[in-house]
Amino acid sequence: MLGVKAKAGQDGRAPAVPNFEHFRTLLNDHMAKRGLRSTDQRRLIVETFFQAPNHISIEELLAQVRLQDSRVGYATVYRTLKLLTECGVAFERKFGDGLTRYELADEASHHDHLICVECTKIIEFEEPKIEELQEKIAVRHGFVLQSHKHEMYGVCQECQQKQSRGARRTGN
């Protein structure tokens, strides 16, 4: 089974597990308003998404779902993820590498991202000083923040090490 979407807090304590029932209710209410029914395949996709690691692509989710039901198609996964984003259960993320990834829209575990431009690794982080500074900037400019996303692009430590080993081999 895939790990639950959670990470240790800054104080080292175990994180709170997201309230999946709340997300299921949001989705069910949204589907009822649109006259959509809950199918076995849709439920399997949703439950697999809930247990998947953050930043999962459609292709990755499809592969996980097909381990349990090989009949599920790409379009079904795509439409289900679209429903999850429409009703506020998932966030769609584009990190500049051409892939669209999805993560649980759990505001209780707000985090920002470091993205490696070499290997596309994504590191989540929380920094209270950044959050505080954003609030101060918004107030200074007369804004009431509703949401934000903070993404920083660079080269991760592993890719830097690979680059320096490669440069040593070539004599640069």
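This is a predicted model: local features need pLDDT of at least 70, side-chain atom pairs count only at pLDDT 80 or more; totals for chains, interfaces and linings use all residues.
**View 1. Ser57 meets its bridge partner in β3.** In this close-up, Ser57 is paired with Arg101, its bridge partner in β3.

**View 2. Three strands form an open sheet.** Stepping back from Ser57, you can follow the strand order β1-β3-β2, with antiparallel pairing. Which strands stand at the edges? They are β1 (56-57) and β2 (90-94); each has a single partner strand, so one side of each lacks a neighbour in the sheet.

View 3. A disulfide is a covalent bond between the sulfur atoms of two cysteines. Why is none drawn at Cys119? The closest cysteine sulfur, in Cys116, is 3.7 Å from the sulfur of Cys119, which is too far for a bond; the cut-off is 2.5 Å. Cys119 counts as partly exposed because its relative accessibility is 35%.

View 4. Is Cys159 buried or exposed? With 7% relative accessibility, Cys159 counts as buried. Under the 2.5 Å cut-off, the count of disulfides is zero.

View 5. Among the elements of the protein, helix α3 (residues 58-66) has the highest mean pLDDT, 95, while strand β5 (residues 122-125) has the lowest, 78. Over residues 1-15, pLDDT stays under 50; for this stretch the model has 30 contacts beyond four places in sequence. Taken over the protein, the average pLDDT is 81, and 83% of the residues score at least 70.

**View 6. The close-ups find their place in the whole chain.** The protein has six helices and six strands, and along the sequence they follow the pattern α-α-β-α-α-β-β-β-β-α-β-α. Of its 172 residues, 31% count as buried. The exposed surface comes to about 11100 Å², with 52% of it supplied by carbon and sulfur atoms. Among contacts between residues at least 6 apart in sequence, 56% join residues at least 24 apart.

Notes:
Residues are numbered from 1 along each chain as its sequence is written. Side-chain values use heavy atoms; hydrogens and water are left out. Two strands pair if DSSP finds at least two bridges between them. Helices (H or I, at least four residues) and strands (E, at least two) are DSSP runs, numbered from the N terminus. Buried means under 20% relative accessible area, exposed over 50%, partly exposed in between (1.4 Å probe, protein chains only). Contact means heavy atoms within 4.5 Å. Accessible areas come from the Shrake-Rupley method with a 1.4 Å probe; for residues, only the protein chains shown count as cover. pLDDT is the predictor's confidence in each residue, from 0 to 100.
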